[in-house]
Amino acid sequence: MPENLELSIYEIVGSPLAVASNDGQKVFDRLQTALNEKRSVTLSFHNITTLTSAFLNAAIGQLYGLFSEAQIRDSLNLQDIEPDDLELLKRVVDTAKLYFRDPQRFKQVLRETLGDEGDATQS
Amino acid sequence: MKYSLPSTIRHNQSGFATLMRFYAQTKAALLDDIEVDFKAVTWFDADMCAVLGAMLYGLGKRVNTIRLTHIQQNVEAVLSKNGFLSNYGREKIPDTWGTTIPYQRFEVKDDRYFAAYIESEIMQRSELPGMSPGLKKKFRESIFEIFSNAVLHSRTELGIFSCGQFFPAKHRLDFMVADLGIGIRQNVKDNTGLDLTAEKAIEWATEGHNTTKRGPIPGGLGLKLLGEFIELNRGQIQIVSDAGYWCRNDAKISIYQLEHAFPGTVVSLEINTADTRSYALSSELSAENIF
């Protein structure tokens, strides 16, 4: 068995547009299988022209609910990703870490956003 | 039942309020004949077909017969070119100047079909104003963020409606997506327990990291990213959901409560096509330190 697996988003999605959440789910399913087996994966963005946060949340953000940051960092490598797509992925990853790290965070953000009104409506 | 539209319907707060009033007065109709009288209408922003089309589709679902009557020639020309009137007994006519983006209804599972529509009707059109490659990419991403939001959050069973228009001389591209889903206010209430007003719920959803998503897939970036892009582009984004109206123009945000509600969510984009910003990033991110 090869030590490093290679996955092409283009091949999985079948299009240069990696935009739909359900397509992201297909990528996630493969990554999950590999990470469950403690394998490392190179994820290729070759020929991908458009990405959305919805796709990346499903494909990669979701990993943070199942695997440690360390395992994801050690197992997942990116290839041929454009700099602005990397920026989007970074924001998705940071959001996912927050989403899964602190279950109370959501309520805190609500209070910060809405002030007293938020507190009042939650009661 | 006959309803007469006023003289001007533009994609602004007033135009949305006008169409919400129409819907409020017709939504209870069942097995009825609904005549929408365009006699007074001298201007109808083409992208507003997404909103009117969604409303009329909802009325059609209640087995009403829809008739659009007395449409003035200039209005009829635009609404025939973009295919809207093909749904109501008129023929589609050729778009000589190539400035229309067709009216279309999609099912939530039609993401591939929607993608093909965006590519063929906007991105690959030779008439498209000279948008820079960076702007084209950001615009394409924004449209897909809107569609994905509708798919993920609206729970619509009636579909997602879109329409647009180029204005080459004004360097502007208008594009609108409407869904007949549960709306942002209900979505926030169902998922967070917060019982906000409709306009406050939109404001909440456009803040970074706020999300109504639950379960294994995180969310909460889509509308935030859209707002950031529109600010850089010096364009405009409007969101109408339930009775809430939210607008970001330049960096200025306005929110209002409308008199009547829309049965879903509308996102309207006004893109400045003369934007020459490269959208290249100043930060030095590396693929090695993303995770």
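How many helices and strands does chain A have?

1. Chain A has seven helices and five strands. Helices (H or I, at least four residues) and strands (E, at least two) are DSSP runs, numbered from the N terminus. In sequence order the pattern of chain A is β-α-β-α-β-β-α-α-β-α-α-α.

2. On the source: this is a predicted model, in which local features need pLDDT of at least 70 and side-chain atom pairs count only at pLDDT 80 or more, while totals for chains, interfaces and linings use all residues. Residues are numbered from 1 along each chain as its sequence is written, and chains are lettered from A and ligands numbered from 1 in the order in which they are written.

3. Of the 123 residues in chain A, 37% are buried (20 or more other C-beta atoms within 10 Å of the residue's own, with C-beta atoms placed from the backbone; exposed is 12 or fewer, and partly exposed lies in between). Two residues are in contact if their C-beta atoms, placed from the backbone, lie within 7 Å. Among the contacts in chain A between residues at least 6 apart in sequence, 86% join residues at least 24 apart.

4. The contact between the chains takes 41 residues from chain A and 34 residues from chain B. Elements of chain A that give two or more residues to this side include strand 4 (50–51), helix 3 (53–59) and helix 6 (105–114). Helix 5 of chain A gives the largest share, 13 residues. By class, the side of chain A that touches chain B has 21 nonpolar, 14 polar and six charged residues (nonpolar: Ala, Val, Leu, Ile, Met, Phe, Trp, Tyr, Cys and Pro; charged: Asp, Glu, Lys and Arg; polar: the others, Gly among them).

5. In chain B, three strands form an open sheet in the order 1-3-5, with parallel pairing; two strands pair if DSSP finds at least two bridges between them. Its edge strands, strand 1 (2–4) and strand 5 (65–69) of chain B, each pair on one side only. Strand 1 of chain B is joined to strand 3 (residues 33–37) of chain B by three bridges. Ser4(B) has Asp37(B), in strand 3 of chain B, as its bridge partner.

6. Thr8(B) belongs to strand 2 (residues 8–9) of chain B. Is Thr8(B) buried or partly exposed? Thr8(B) counts as partly exposed because it has 15 C-beta neighbours inside 10 Å. Beyond its neighbours within four places in sequence, Thr8(B) is in contact with Thr42(B) and Trp43(B).
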